[in-house]
Amino acid sequence: MPKKARLNGIKAFRCYTFEEAAEASGVTPRTIRNWVVDGLPVMDGMRPALIRGDDLRDHIKSQRDKRSVKTRIDTFYCVCCRAERRAAEGMADCDIVSGRAKLTALCDACGTVVAKPVSEALIPQIARTLDLKITRH
């Protein structure tokens, strides 16, 4: 499994070599080179090649945003399908523990168990589109 790049070690107003950028972000120098191929800006005409800290931070944030999938209130993210999916048969279980609710259902496409946390205040709105079985703990 790939490492998650760290943002807190990267100084925005500093320039880094590939090795320094790798150390500051917690990834390998090879990963930094791959990011350059994918569009991470490098200061041209300088040897060694330098990467601005703010560009590195922006690149990592944009990669994270691309991976993020926003779901509607009545849908789930299925890890197997890698997509937003509805609950099978429009049914879901709702477990409520101290103001937080966890919705659990089956993926409509593949039957995998899908879940997501929601606020207890949103349950009436979710109940309009899903048949909920509510359990309080």
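Me: Before we start, which residues count as nonpolar and which as charged?
Reply: Ala, Val, Leu, Ile, Met, Phe, Trp, Tyr, Cys and Pro count as nonpolar, while Asp, Glu, Lys and Arg count as charged. The others, Gly among them, are polar. One more thing to keep in mind is that this is a predicted model.

Me: Got it! So which residues line the second largest pocket?
Reply: That lining is made of Arg 67, Val 69, Tyr 77, Val 79 and Arg 82.

Me: And how does that lining split by class?
Reply: Three residues are nonpolar and two are charged, with no polar ones.

Me: How much space lies in there?
Reply: The second largest pocket holds about 170 Å³.

Me: Okay, new topic. How many helices and strands does the chain have?
Reply: There are four helices and eight strands. Starting at the N terminus, their order is β-α-α-β-α-β-β-β-β-β-α-β.

Me: Is the chain spread out or a compact globule, and why?
Reply: It is more spread out than a compact globule, because its radius of gyration is 21 Å, well over the 14 Å that the globule rule gives for 137 residues.

Me: What does the C-alpha trace span along its principal axes?
Reply: About 65 × 30 × 20 Å.

Me: What share of the residues is buried?
Reply: Buried residues account for 31% of the 137 in the chain.

Me: Last one: what about contacts between residues at least 24 apart?
Reply: They make up 44% of the chain's contacts between residues at least 6 apart in sequence.

Conventions: Residues are numbered from 1 along each chain as its sequence is written. This is a predicted model: local features need pLDDT of at least 70, side-chain atom pairs count only at pLDDT 80 or more; totals for chains, interfaces and linings use all residues. Side-chain values use heavy atoms; hydrogens and water are left out. On a 1 Å grid over the protein atoms alone, a cavity is a set of points where a 1.4 Å probe fits but cannot get out, and a pocket is an open set with protein on both sides within 12 Å along at least five of seven lines; lining residues have an atom within 4 Å of a point. Grid points are joined across faces, edges and corners, and a volume is the space filled by probe spheres set on the points. Helices (H or I, at least four residues) and strands (E, at least two) are DSSP runs, numbered from the N terminus. The radius of gyration is taken over C-alpha atoms; the globule rule is 2.2 Å times the number of residues to the power 0.38. Buried means under 20% relative accessible area, exposed over 50%, partly exposed in between (1.4 Å probe, protein chains only). Contact means heavy atoms within 4.5 Å.
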